[in-house]
Amino acid sequence: MPQLVFLHGPGAGACADAYYHQLRRFPGSVAPNLPGHLEGTRCSDVARYAEWVRGWLWAQGLNQDLVLVGYTLGASIALQYGLDYPEEVQGLVVMTVAARPKVRGPGTYEMRLRAQEDPKVYEEWVAFQRKAMHLVEPGLRERLMERHRQVGPMSQYHDLMAIDAFDVRDRIAGLKPKLLLLRGLQDHGNPPEYEEEIHEAVPGSRYVKLADAGHFPCTEIPDTVNALIEEFVAGL
């Protein structure tokens, strides 16, 4: 039986709470809080996060038949894990992800740095997080906003830097685990269609565009995403 592992990113609460609906729907699934998110010391890059996740899973005896599900940083970690340890991974479900460094808008990094020092900019950062989650159910959105306040803008800054240094273009065509790519068409940031590039590079991958989702499909339209995960797992 495949083991579902949910890996979060710097948005949607910046912790495993983003997978509230998936953890309820899939008994036995796991979702670690990455180090530096609520507690612990962050990792310096995606490869080290992947090693941390692997150690966390192995410590619980979870080292075979893995299905890794992730968005943004979590998706990058999933791809890294699948490339490095294909014998442990059956499948990957990833969204809002690129196999190469992403291009950010002006001031993206500076806002997080300034938010750490300037209360006015901090409130702008908080407002930005709420806007990014405009498609999330209000009750869950406010719980995730509280998590953002606990984790803070500097963690997000370092996460974005790790994502934007991630580059597996030279390896992605050799990805062995089965791959499902998801993209929300209402992403508030309107990023380039990085997922299409991965889909074209990986033979046998599936690419699904979600008209009613944005940056965090798992958190925004959980029933739809859960059904896609169930279908994917059943086909492994």
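A residue is counted as partly exposed when its relative accessible area lies between the buried class, under 20%, and the exposed class, over 50%. In this predicted model, Leu 38 has a relative accessible area of 36% and is therefore partly exposed. Leu 38 is situated in the loop between α1 and α2 (46-59), and its backbone adopts a positive phi of about 85 degrees although the residue is not a glycine. A positive phi in a residue other than glycine is also found at Asp 65, where the value is near 55 degrees. Asp 65 belongs to the loop between α2 and β2 (66-71) and, with a relative accessible area of 33%, is likewise assigned to the partly exposed class.

Two packed helices are described by the angle between their axes and the distance between the axes. Helix α4 (residues 108-115) packs with α5 at an angle of about 125 degrees, the axes being 7 Å apart. This angle makes α4 oblique to α5. The crossing of the two helices, α4 and α5, is left-handed. On the α4 side the contact is made by Met 111, Arg 112, Arg 114 and Ala 115, and on the α5 side by Val 121, Tyr 122, Trp 125, Phe 128 and Gln 129. Classified by residue type, the contact of α4 with α5 comprises six nonpolar, one polar and two charged residues.

Helix α5 (residues 119-132) also packs with helix α6 (residues 138-151); their axes come within 10 Å and cross at roughly 145 degrees. The crossing of α5 and α6 is right-handed. Tyr 122, Trp 125, Val 126, Gln 129 and Arg 130 of α5 make this contact together with Arg 141, Glu 142, Met 145, His 148 and Arg 149 of α6. The contact residues of α5 and α6 divide into four nonpolar, two polar and four charged.

Electrostatic pairing was considered next. Side chains of opposite charge can pair when their charged atoms come close. The structure holds 14 salt bridges. One of them is formed between Glu 142 and Arg 130, whose closest N and O atoms are 3.0 Å apart. This pair links distant parts of the chain, with Glu 142 in helix α6 and Arg 130 in helix α5, 12 residues apart. Both partners are partly exposed: Glu 142 has a relative accessible area of 36%, and Arg 130 has a relative accessibility of 30%.

A further salt bridge joins Arg 169 to Asp 167, with 2.5 Å between the closest N and O atoms. Arg 169 is partly exposed at a relative accessible area of 48%, and Asp 167 falls into that class at 34% relative accessibility.

Glu 230 forms a salt bridge with Arg 25, and here the closest N and O atoms are 2.0 Å apart. Because Glu 230 lies in helix α10 (residues 222-234) and Arg 25 in helix α1 (residues 20-25), the pair ties together parts of the structure that are 205 residues apart in sequence. Glu 230 counts as partly exposed at 31% relative accessibility, as does Arg 25 at 40%.

Key:
Residues numbered from 1 in each chain as written. Predicted model: local features only at pLDDT ≥ 70, side-chain atom pairs only at ≥ 80, totals over all residues. Heavy atoms only, no water. Axes fitted to C-alpha atoms, helices over the stretch in contact; angles between N-to-C directions. Helix = DSSP H or I, 4+ residues; strand = E, 2+ residues; numbered from the N terminus. Left-handed = near helix turned anticlockwise from the far one by under 90°. Contact = heavy atoms within 4.5 Å. Nonpolar A, V, L, I, M, F, W, Y, C, P; charged D, E, K, R; others polar. Parallel < 35°, antiparallel > 145°, perpendicular 65-115°, else oblique. Salt bridge = Lys/Arg side-chain N within 4 Å of Asp/Glu carboxyl O. Buried < 20%, exposed > 50% of the residue type's maximum accessible area, 1.4 Å probe, protein only.
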